[in-house]
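Please open the structure in your viewer and keep the selection tool at hand.

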Amino acid sequence: MSILEYNGAAIIAMSGKDCVGIASDNRLGIQYQTVAMDFKKIFKMNDKLFVGLAGLASDVQTLDQLLRFRMNLYELREEREMTPAVFTNLLSNMLYEKRFGPYFCEPVIAGLDEKGVPYLSTMDLIGAQAAAKDFVVAGTCEGNLYGMCETLWKPDLEKEELFETLAQALLASVDRDALSGWGGVVHIITKEGVISRELKGRQD
């Protein structure tokens, strides 16, 4: 088993019409043993930017704290909020700096840029970026997530349709993966604000 699969995770980010959504499961496990059902994997960086971290739980929390520190430093120096593209480059550089002893995390970035256009990106554990216009996924059931997203996603989804699509894709995918699941959380980012909802999934 890969160290990236040790704690289990499932994260999706998806674009809609002037909105973007990001969703994750809630499970924290040690291989096939479930330890907690309320483990946070998606972190709010600012009102229009979220990052999901799939991978080793200790590195997920370490990266969250480091990113918060670097974001605050940037805002103090620049006197403006970080855009998703700048944040992606910052995170990519942070991961590449540690490439010989990497953080075992695969990040998923979702946000709205200065013009309110959806921004999606993901990267591997050493910071190699992959941007997308439709959806990005990470975690232990990547194959399932890709299949569900390719089936359900269509361009210009409204925020309610986007929530429904994300929720169905996540729940259907984690049901066939023993390392992720136990409910989930969905955040929809719009120009007006963020809508967050919790999902109830199978408890097995």
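## First stop: a pair of strands

Select β7 and β8, which run antiparallel and are joined by five bridges. Strands (E, at least two residues) and helices (H or I, at least four residues) are DSSP runs, numbered from the N terminus. Two strands pair if DSSP finds at least two bridges between them. Within this pair, select V108; its bridge partner in β8 is T122.

Before going on, note that this is a predicted model, in which local features need pLDDT of at least 70 and side-chain atom pairs count only at pLDDT 80 or more, while totals for chains, interfaces and linings use all residues. Residues are numbered from 1 along each chain as its sequence is written, and side-chain values use heavy atoms, with hydrogens and water left out.

(Axes are lines fitted to C-alpha atoms, for helices over the stretch in contact, and angles run from 0 to 180 degrees between N-to-C directions.)

Select residues 84-97, which make up helix α2. The expected span of a helix is 1.5 Å times one less than its number of residues. For the 14 residues of α2 this should be 20 Å, and the end C-alpha atoms are 20 Å apart, which agrees.

Which residues of α2 are buried? They are P84, F87, T88, L90, L91, S92, M94 and L95. Buried means under 20% relative accessible area, exposed over 50%, and partly exposed in between (1.4 Å probe, protein chains only). The buried residues of α2 pack against β5 (42-46), β6 (49-55), α1 (57-78), β7 (105-112), β8 (118-123) and β9 (129-132).

Select five strands in the order β10-β1-β2-β11-β12; they form an open sheet, and the pairing is antiparallel. At the edges stand β10 (135-139) and β12 (194-199), each with a single partner strand, so one side of each is left without a neighbour in the sheet. Here the twist averages 10° from one strand to the next.

Inside this sheet, β2 (residues 19-25) and β11 (residues 184-190) pair in the antiparallel sense over seven bridges. Select G21 to find I188 of β11 opposite.

Two helices come next. Helix α3 (residues 142-152) packs on the sheet, touching β1 (10-15) and β10, and its direction makes about 160° with that of β10. Helix α4 (residues 159-174) also packs on the sheet, touching β1, β2, β11 and β12; its direction makes about 25° with that of β2.

## Last stop: L152

Finally, select L152, which lies in helix α3. Is L152 buried or partly exposed? L152 is partly exposed, with a relative accessible area of 32%. Not counting residues up to four places away in sequence, L152 touches T165, Q168 and A169. L152 and L166 are 14 residues apart in sequence and 8.7 Å apart in space, C-alpha to C-alpha.

Note on methods: Contact = heavy atoms within 4.5 Å.
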